[in-house]
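The sequence and structure come next.

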Amino acid sequence: MVRNKQVTLRDYVNGVPKESDMIVLSSDKSVVALPQGSNAVVVKNLYLSCDPYMRHLMTKSTEAHVILNSYSPGSVIRGHGVGKVMDSGHPKFKTGDFVWGITGWEEYSLITTPEALFKIEHTDDVVPLHYYTGILGMPGMAAYIGFYKIGAPKKGEYVFVSAASGAVGQLVGQFAKLMGCYVVGSASTKQKFDLLKNKFGFDAAFNYKEEDDLDAALKRYLPQGIDIYFDNVGGKMLDNVLLNMRNHGRIVVSGMISEYNLEQPDGLKNTMCLVYKRVRMEGFFVHDYYPLYPEFFDTMLSYIREGKILYVEDISQGLESGPSSFIGLFTGRNVGKQIVAVARE
């Protein structure tokens with residue numbers, strides 16, 4: 001028997017989420033012993049990933065409820081994480097293996113569908129275990145698939161990335177530079193602006209909160225127009241980007257964090273730009289591309305070991321910090337990929 005600390009959803013959320021929408025509790029709950037004959041695994045959670053999409057799962061009756069199985073009041077929050085197998089009934093995993101995939105926001109999780117987990121084979125001083133919540137996990141794959149497979153970049157093209165210092169955006173900008181593209185990013189603070197310019201090598205960047213006219217800002221920083229827009233925010237930014245797309249441009253829709261807390265999202269006004277500029281706009285669900293994980297992993301591991309890609313993380317300590325860390329995503333408090341460290345390896 002173990003005392004398993006958990007983060008649960010108090011009730012369905014409307015509007016901007018608050019820390020009080022989540023409850024940290026402890027209960028006497030045995031998760032160490034596997035059910036007899038089960039092929040499940042018991043995982044000790046080490047690192048949890050804070051991702052904006054999780055906000056959708058807190059709302060009743062959304063499209064995400066059908067696709068991702070929304071949380072219900074009283075249930076444990078779920079998301080991507082890294083853990084250590086404590087017991088296994090599955091032939092693919094043994095005690096002591098490290099894995100990443102969907103887990104609970106709790107100290108120990110019983111994973112009943114371990115086929116969806118990825119076994120972690122490579123860790124060292126250059127590739128720490130927590131990288132599998134970000135650069136080598138779901139956010140990294142989202143950046144890789146979105147930019148290379150959907151954006152279909154060409155050398156010399158003009159690329160704009162919103163929320164460019166975040167878990168996905170910081171990678172997209174660096175991929176674009178490796179392709180020989182001209183890259184501009186938007187962020188929300190001077191610290192993040194400096195990261196884009198001085199650490200990630202963006203050609204230019206701007207603080208969107210200091211711009212009264214986003215259309216004018218985009219024309220100032222990208223006077224030639226935009227070939228590829230990697231969209232992480234949606235809303236007004238997307239609407240103004242439409243005015244600045246070049247003919248046959250591509251808009252990769254990875255997320256729309258500006259709209260997640262709105263009961264009635266803002267409508268787009270400039271969608272005719274898609275027609276007369278012959279722009280392709282495509283969203284994607286990264287899980288559909290998991291069969292390409294070996295290709296992604298080999299590429300990213302090489303980039304990391306050769307120093308071609310840098311990654312910034314914001315790690316909070318303890319499961320109790322989970323609600324605050326998650327809420328911080330929607331105020332721009334985090335710098336880089338937001339992670340919760342639950343336990344020592």
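Helices (H or I, at least four residues) and strands (E, at least two) are DSSP runs, numbered from the N terminus. The model is predicted, so local features need pLDDT of at least 70 and side-chain atom pairs count only at pLDDT 80 or more, while totals for chains, interfaces and linings use all residues. Residues are numbered from 1 along each chain as its sequence is written, and side-chain values use heavy atoms, with hydrogens and water left out.

**The second largest pocket**

A pocket is an open set of points on a 1 Å grid over the protein atoms alone, where a 1.4 Å probe fits and protein lies on both sides within 12 Å along at least five of seven lines; lining residues have an atom within 4 Å of a point. Volume is the space filled by probe spheres set on the points. The second largest pocket has a volume of about 470 Å³. It is lined by 23 residues, of which R78, I102, T103, T113 and A116 are the closest to its centre. Strand β5 (98-104) gives the largest share of the lining, five residues; β4 (78-88), β5 and β6 (108-111) each supply at least two. By class, the lining has eleven nonpolar, ten polar and two charged residues, where Ala, Val, Leu, Ile, Met, Phe, Trp, Tyr, Cys and Pro count as nonpolar, Asp, Glu, Lys and Arg as charged, and the others, Gly among them, as polar.

**Helices and cores**

Buried means under 20% relative accessible area (1.4 Å probe, protein chains only). Contact means heavy atoms within 4.5 Å. In helix α3 (residues 169-178), eight of the ten residues are buried, including Q170, Q174 and F175. The buried residues of α3 pack against α2 (138-150), β8 (158-161), β9 (182-187), β11 (226-231), α8 (293-305) and β15. Just after this helix, G180 has a positive phi of about 85 degrees.

A nonpolar core is a set of buried Ala, Val, Leu, Ile, Met, Phe, Trp, Tyr and Cys residues joined through side-chain atoms within 4.5 Å. In the largest one, with 78 residues, L136, F175 and F326 touch the most other members. Helix α2 gives the most to this core, nine residues. Beyond four places in sequence, F175 is in contact with A143, Y144, F147, Y148, M300, Y303 and I309. A second, separate core of 21 residues includes Y158, M237, L242 and V279. Helix α6 (residues 235-242) has seven of its eight residues buried, M237 and L242 among them.

The relative accessible areas are as follows.

| Residue | Relative accessible area |
|---|---|
| N334 | 11% |
| S165 | 6% |
| N244 | 6% |

N334 is in the loop between α9 (322-328) and β15 (337-341). A polar atom of its side chain lies 2.9 Å from the backbone oxygen of G336. Leaving out residues up to four places away in sequence, N334 touches K192, D314, G328 and L329.

S165 is in the loop between β8 and α3.

N244 is in the loop between α6 and β12 (245-253). Its side chain makes a polar contact with the side chain of D215 at 2.9 Å; such a contact is a pair of N or O atoms within 3.5 Å, one able to donate a hydrogen and the other to accept it, and residues adjacent in sequence count only if both atoms are side-chain atoms. N244 and P223 are 21 residues apart in sequence and 8.5 Å apart in space, C-alpha to C-alpha.

How values were computed:
Buried < 20%, exposed > 50% of the residue type's maximum accessible area, 1.4 Å probe, protein only.
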